[in-house]
Amino acid sequence: MKTRLLIIEGSPLIDWVERKAQIFLLLITFLFITWNAQAQQQGTLSGKVTDVNSAPLPGATVVLVGTSLGTVTDQNGDFTLNAPVGAARVRISFVGYQTKELQAEVKAGDNTRLNFSLEEGSLLSEEVVIIGSRATSGRSRIDTPVPVDIIQAKEIRATGQVDITQILNFVAPSISSNRQPGGDGSAHIDPVALRGVAPDQTLVLINGKRRHGSALVNVLGTPAQGSVAVDFNSIPVGAIERIEVLRDGAAAQYGSDAIAGVVNIVLKKDTENVTVSTTAGVHNTKFRNTTDGALFQTDINYGFGFGKGGYLNLTAQINQREGTRRGGYYELTNRLTNARQYWYSYAATTPNEEVDAKELSVDRYSSVASGNAAQNGSGLFFNAAIPLGDGAEVYAFGGIGSRESNSPNNAYRFPNGTSNARSISSRYVPELYPDGFLPENVARINDKSFTTGLRGNKSGWDVDLSNTFGSNSVQYYVENTLNASLGASSPTRFYSGKLLFSQNTTNLGFVRKFSELSVGQSLGVAFGAEHRIENYQIEAGEEASHKGYGRTYVTLVGGTATGITPAGAQAFPGYQPGDEQDESRSNIGLYGDLEYDITDRILLTGALRYEDYSDFGDKLTWKTSTRIKLTDDIALRGAVSTGFRAPSLQQQYYSATTSIPQGDGSLLLSAVANNESAVTKAFGVPQLKAETSFNLSAGATARLFNDFTLTVDAYQIDIDDRVTLTGFFQTTTSSSDPVVQGAAAVVANLLSAYPDVNSAQFFSNSIDTRTRGIDAILSYRSAVGRGILNVSVATNFTRTEVVNVKPPVGLVEGASTEVRNYLSERIFFDRLQKGRYERGTPQDKIILSASYTYKKFTPFVRLTRFGEYTSFASQNNLDNPTGARDQTFSSKWVSDFTLSYQLAPFVSVTAGANNLFDVYPDEQIIANNQTGALPYGTAAGQQFGFNGAFYYGRLTFSF
């Protein structure tokens, strides 16, 4: 059935080919111009950098001012740099020394030599950031009116992590991201959350331009449930110069999604360097003395300059990661109830023989994978600019990334079964799998982006016109499985369908700084407009992936024969024709931004933004912030803002029907009904509207004793009308409670027009929340002995409270008060869901890190404390009145260590360990792991995962 993706007029593939053809032509034109620009005559600058005692300074940064050309000194302090003919100004900087500039005249074909002698200075860096302001050219990160973290490439390399989500999780205390086990889409795309709110409430930028989201909406039970995340890991780590994390609401500046803040990824534009880095590692852990999860990744980065300021930087990446397995021993007797196991037979008559499950020869340690998905991927990114003269330039950046991710399902289909897996076992077909089987969910993820623009100065205004196109697609397959209703003739591999999201954004911005004012020191002014088009598609899988063909399987349930007619592929029934979507929308935004330096100590900012969406309406947001310097080294800062997040197309139109096994041997056919469906309207769920927010923040920054910096920021984020995915509204129940039975009858009546569905979920503006927290970062940098010591302590403490649950006014209108209360409190948004928001992730994180650079050696150590969190059980059937299945997972410390050695001027070697002491989270309690097969599971993985120690080596060549 995959052939239907190919040559169909007007199909997504044809559209994609046409777009890529246009981009290809643009790239060819760009490279042609680049090639010709390189023909310009050049000369050479060379020299030596030393301290005042004539000792060479290896690793000093050499930059040709006004261009992107630069290099670093070798172990002897020497440098050589190609430069365009004419006057040149060379800047030298080195940590712990004062920056120095010299003028030179470059002649065609000649070498001009400059020697530099640097004096000692402060070791504290004055990192300049652009994010958080549209009206200035940047400020020191401790002079900004709102908090901004800067994660430099050197710090990224020191983490030992190889993908962006894990780097952020272990470097930024206010960010959380964890890989999810199991077969849901969350196992393939890692969500990233800032300050304890949802992943889609943080805006992501690349080089200051809006990044598209993924096609995936998280629908199974994880802390990211109901949200749409950006696929960070489609961006090669080797392409990144730095990551800027703005920890404050910024919707009035950047638009929808920036409720918690903004993550801006700045791409490299280095020239005259080739860097090749290869990392290999493996998990070696005490868990069953396991060695698995082998990883191999290679990044190649090359940049070259041309003309007066032109550059092209290219990065390629390939990676391969084996999966990990942390499943436990599948017990033959239920550990909670001591229930016997039964043989579930494929037969035309009632089986009359009970078979002792102990006779089975299945490897019960392999019954559940419960670990990282296996992934293979590659990516190619570029960042480029062509100078046009008079300060103007054409720029472009973007890339493509693809990977295949394989995540085994969390439930082995045994030839026997437990009380909570009868319907799974009943679909067993011995002709295909004599010993049972473990289905594997496979996702093929493709991500593409391309930005091109023109920027320069016109009549004193900096002007930037750009267009960004991006798309993300996820194709699903299920392998090592079957459609039981086809019997022994069933395929074992199915195409389950495809999700596709694309976005095109056009920006025009103007910025100017006025310095000659009658009142005040300077005024930065920015204004502009943005137009965005989005499209979301669902494509059905092949027929056999979702259809039932009427074959009956007889099962033994408590000694009683039960017949069922299961449908679709085990583990992930495909998207059906009724789920297919092709929906678009557009919006336009207008913004203005002011930054007023009243004096050199007082800064006041203000921003307004108006957005109008074609599908849900318009919104006006605002922000104001201030920074007051009490002394040259101590400042206070604060901000007040409003924000919003438009409901994503994925949340509005996602639709799927899945088969969920029940304990009585039946199948629960559950639909996630899209917001426009008849099912949703029958339940009285209204159209989605925008989430709105009100942010407050206050903090202080300080430079202490010349070697310390300290920032402390408190915040409060109130979010109204948050979009969530409801609980399961079911037509059947095993409860004897009359209220529960009455609720099931009401739901059955509402779903009577949909005989193939006996359960439904919806997206709804369900809750209001309040998040409060404190961030604190203390950094120390000083010369100690003959080396340089870096120490930092970074902390985040966050609490979220669900302050209001908002069932739709028309929810199951006409039902009794008791039934409506039950459906509103126990189903619509139950304690399990509330617990995910309030305590489902660590409430605090502390990161202690230190490095010491001495000659060619740099050891680095990091200790991370992940705070406690709680997993709550549902009370849908009034079966957990005392919270007996609730579990609080204790806090844990994780230790990482690396040692880097500069083997030669162009070769460095790094060896390290992540989770050096092989720490694991608490195991799940018996009530939540009755079979013993899931000692950790999804609930136990919200701190740092559960894969144990990881040892790695890295070899880096730089020419």
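**Aromatic rings and their partners**

Modeller: Arg444 places its charged end over the ring of Tyr477, at 4.7 Å from the ring centre. A charge is taken to sit over a ring when NZ of Lys or CZ of Arg is within 6 Å of the ring centre and within 35 degrees of the ring normal. Arg455 does likewise with Tyr395, its charged end sitting over that ring 3.9 Å from the centre. Note that this is a predicted model, in which local features need pLDDT of at least 70 and side-chain atom pairs count only at pLDDT 80 or more, while totals for chains, interfaces and linings use all residues. Residues are numbered from 1 along each chain as its sequence is written, and side-chain values use heavy atoms, with hydrogens and water left out.

Phe857 belongs to strand β42 (residues 857-866) and Tyr901 to strand β45 (residues 892-904), so the pair ties together parts 44 residues apart in sequence. Strands here are DSSP runs (E, at least two residues), numbered from the N terminus. Phe857 is partly exposed at 41% relative accessibility, and Tyr901 is also partly exposed, at 28%. Buried means under 20% relative accessible area, exposed over 50%, and partly exposed in between (1.4 Å probe, protein chains only).

Strand β42 also holds Phe866, which pairs with Phe944. Their ring centres are 5.5 Å apart and their planes lie at 40°, so this pair is tilted too. Phe944 is in the loop between β46 (907-914) and β47 (950-958), and the pair links distant parts of the chain, 78 residues apart. Phe866 is buried, with a relative accessible area of 1%, and Phe944 is buried at 12%. Strand β42 therefore takes part in a pair through Phe857, which reaches Tyr901 in β45, and in another through Phe866, which reaches the loop residue Phe944.

Ring pairs also build a group: Phe287, Tyr920, Tyr936 and Phe946 are linked into a cluster.

Technical notes: Helices (H or I, at least four residues) and strands (E, at least two) are DSSP runs, numbered from the N terminus. Rings of Phe, Tyr and Trp (its six-membered ring) pair if their centres lie within 6.5 Å; planes under 30 degrees apart count as stacked, over 60 as edge-to-face and the rest as tilted.
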